[in-house]
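Colleague: I have a few questions about this model before I use it. Can we go through them with the structure open?

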Amino acid sequence: MMSDATADSIRFRPASKADARLLAELNQQLIRDEQHRSAMSLAELEHRMTGFLSADYEATLLESGSDVVGYALYRTEPECLYLRQFFIRPEYRRRGIGRAAVRWLTQHAWRDHARIRLDVLTTNSAAQAFWRAVGFRDYCLTMEFERDGETPSPTTAPAPARPQD
């Protein structure tokens, strides 16, 4: 059930391993929304989330009334805080909740970190626009090559033509 959640009504709660199923459900929505290629099942996502929370990741749930409206999953790395996942349910977007969450997290949960890094799929222009709007800037582009069953051959330019003698 959707509440009349606004940026001012959001509460922030540290997640625990007991929240792994809920976080996995939210992660599954995130995967669908951003059209990520992950094919993990809900059970696999829950198992992975339990592992994250048992190791070095922390999560913060965003709540309004009895509704969970989103979450952030992050960990401290040597050079920065790495934000692995950030999600606001679609029905709660465009209300300032994501912006308010980033502001709260940077002032509280992430206050000891001078640098925060995250990854955004190159096809997710809405997320790119959001992160830029809240102060993030482009830093690097990760590129990959994926074999599709055939042996790849590098694209080569034809050899320059030799002048005829």
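Predicted model: local features only at pLDDT ≥ 70, side-chain atom pairs only at ≥ 80, totals over all residues.

Colleague: How many residues sit between β3 and β4 in the hairpin?

Modeller: Four residues lie between the two strands of that hairpin.

Colleague: What stands opposite Leu81 in β5?

Modeller: That is Ile116. β4 and β5 run parallel, and three bridges join them.

Colleague: What is the strand order in the open sheet?

Modeller: The order is β1-β2-β3-β4-β5, five strands with mixed pairing. From one strand to the next, the twist averages 30 degrees.

Colleague: Which strands does helix α2 touch?

Modeller: Helix α2, residues 42-54, packs on the sheet and touches β2, β3 and β4. The direction of α2 makes about 140 degrees with that of β4.

Colleague: Why is β4 described as largely enclosed by the rest of the structure?

Modeller: Because seven of its eight residues are buried. The cut-off for buried is under 20% relative accessible area.

Colleague: What handedness does the unit of β4, α3 and β5 have?

Modeller: Those three elements make a right-handed β-α-β unit.

Colleague: Stay with α3 for a moment. Which of its residues are buried?

Modeller: Helix α3 covers residues 97-107, and its buried residues are Ile97, Gly98, Ala100, Ala101, Val102 and Leu105.

Colleague: Change of topic: Thr60. Which strand is it in, and is it buried or exposed?

Modeller: Thr60 is in strand β2. Its relative accessible area is 4%, so Thr60 counts as buried.

Colleague: Which side chain does the side chain of Thr60 make a polar contact with?

Modeller: The partner is the side chain of Tyr74, at 2.7 Å.

Colleague: What else does Thr60 touch?

Modeller: Leaving out residues up to four places away in sequence, Thr60 touches Phe12, Arg13, Ala15, Gly70, Tyr71, Ala72, Tyr74, Trp104 and Leu105. Leu105 is also one of the buried residues of helix α3.

Colleague: Now the whole protein. How many helices and strands does it come to, and in what pattern along the sequence?

Modeller: There are four helices and five strands. Along the sequence they follow β-α-α-β-β-β-α-β-α.

Colleague: How much of the protein counts as buried?

Modeller: The figure is 35% of the 165 residues.

Colleague: And what share of the contacts comes from residues 24 or more positions apart?

Modeller: Among contacts with a separation of 6 or more, such residues account for 60%.

Notes
Residues numbered from 1 in each chain as written. Heavy atoms only, no water. Buried < 20%, exposed > 50% of the residue type's maximum accessible area, 1.4 Å probe, protein only. Polar contact = N/O pair within 3.5 Å; in protein donor to acceptor, adjacent residues only side chain to side chain. Contact = heavy atoms within 4.5 Å. Pairing = 2+ DSSP bridges. Axes fitted to C-alpha atoms, helices over the stretch in contact; angles between N-to-C directions. Right-handed = clockwise from strand over helix to strand, strands pointing away.
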